[in-house]
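Please keep the sequence and the structure in view while reading.

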Amino acid sequence: LQGIFVLGLPYALLHSGYSGLLLIVLAAALCCYTGKILIACLYEENEDGQLIRVRDTYEDIANACCKKLSPNLGGIVVNVTQVVELIMTCILYLVVSGNLLSHSFPYVPVTGKTWSVIAFVTLLPCIFIRTLKIVSKLSQLCSLFHFVIILVVITYCLTQMHQWSWAKFRLSLEFEDFLVSVGVIIFSYTSQIFLPTLEGNMKNPGEFRCMLNWTHFFACILKTTFALTAFLTWGEKTKEVITDNLPSFLETLVNLCLLTKALLSYPLPFFAATEIVYSCISKGNHTSYRSPLLALAVRGSFLLLTLLMAMFTPYFALLMGLSGSVTGAAMTFLLPSLFHLKLKWKKLSFLEKCADISVFILGFLCSLAGIVCSIKGLLEVFG
């Protein structure tokens with residue numbers, strides 16, 4: 001999920017200057033923290049003071065927080081938010097796949113939408129994905145292609161070290177451009193939707209916090225190195241997707257790797273979205289939930305929905321920014337901090353309470369700023 005955003009990090013540095021380097025580190029720390037407090041909400045102490053996992057999903061945490069208002073209100077809000085974000089992510093991968101095919105084969109007389117349909121055909125086997133094991137294997141391949149892309153870009157940039165200059169960094173910033181940079185940097189780390197399932201499937205859940213620390217640490221190092229070397233290489237000529245700056249022979253290779261990565265990335269949000277729908281259906285009718293025909297129908301409907309929206313939704317990038325500002329900030333900052341305060345208030349220290357409140361305020365401001373910028377962009381498009 002993070003690959004598309006990572007390729008925009010050099011462009012984010014172009015508009016954020018030195019502060020962008022600090023933001024990459026700060027975003028890693030904040031997302032790591034909210035991941036930990038979200039998982040903490042899954043546990044409660046028993047009579048012996050031992051932590052017991054009493055909840056399994058993000059939905060369970062939300063329902064526990066909102067049970068006084070309504071037993072299922074919190075779960076409904078979280079599920080709708082998750083499904084919207086996951087579907088929009090799937091659509092983004094289809095749009096990106098179509099664009100990459102179009103750029104890789106410019107002499108083929110085919111439109112971007114037709115390329116998206118071709119990419120969609122390769123994703124039809126997703127209908128038959130029934131377990132997380134298959135998704136995890138595809139994600140491993142996705143990670144492999146991701147590292148190949150990063151390695152190619154960094155290697156090329158290192159060959160251009162003779163033209164690097166720190167003078168390329170901006171000192172003055174445009175506020176709206178800076179907000180775009182904040183969004184790209186923060187959401188290159190987001191993974192909170194998948195953390196409860198990931199922690200629940202670990203052989204040693206006790207190692208989750210350590211795993212989260214190390215993965216965010218290495219992600220921070222890798223992203224800082226990548227963004228810095230690429231920006232120092234191209235400076236003011238840095239494009240929104242850094243691969244567009246590469247020489248033509250490397251650009252085609254990297255675009256094909258990106259295409260493969262985008263297609264391999266699609267099953268994870270697709271599987272997560274359908275699983276949420278399945279869990280909702282199972283509460284009302286256990287028999288129909290286990291019907292293979294119903295499973296195929298739901299997966300097929302999701303696939304078709306993502307294709308139709310990718311092909312026929314105008315100004316998708318702006319709509320993606322709008323929904324991402326709402327759902328992304330909510331799932332990453334607002335809800336984890338709010339739920340942690342609600343469920344653990346009596347056991348939190350003063351500093352922990354201040355940290356949660358600060359994260360909530362920061363998430364609210366980021367979300368509000370993103371919404372304003374996205375709506376402004378839509379208004380400008382529609383005149």
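At what angle do helix H5 and helix H14 pack, and how far apart are their axes? In this predicted model, helix H5 (residues 73-104) and helix H14 (residues 292-312) pack at an angle of about 60°, and their axes lie 9 Å apart. Because of this angle, H5 is oblique to H14. The crossing in which H5 passes H14 is right-handed.

Which residues make the contact? On the side of H5, the contact is made by Val 83, Ile 87, Met 88, Cys 90, Ile 91, Leu 94 and Val 95. H14 contributes Phe 302, Leu 305, Thr 306, Leu 307, Met 309 and Ala 310. By residue type, the contact of H5 with H14 comprises 12 nonpolar residues, 1 polar residue and no charged residues.

The cysteines form the second topic. How many disulfides does the structure hold? The number is 0. Cys 126 is in no disulfide, and the nearest cysteine sulfur belongs to Cys 90, a residue of H5 that also takes part in the contact with H14. For Cys 257, the closest cysteine sulfur is that of Cys 142; the distance of 11 Å is too far for a bond, because a disulfide requires two cysteine sulfur atoms within 2.5 Å.

Methods
Residues numbered from 1 in each chain as written. Predicted model: local features only at pLDDT ≥ 70, side-chain atom pairs only at ≥ 80, totals over all residues. Heavy atoms only, no water. Axes fitted to C-alpha atoms, helices over the stretch in contact; angles between N-to-C directions. Helix = DSSP H or I, 4+ residues; strand = E, 2+ residues; numbered from the N terminus. Parallel < 35°, antiparallel > 145°, perpendicular 65-115°, else oblique. Left-handed = near helix turned anticlockwise from the far one by under 90°. Contact = heavy atoms within 4.5 Å. Nonpolar A, V, L, I, M, F, W, Y, C, P; charged D, E, K, R; others polar.
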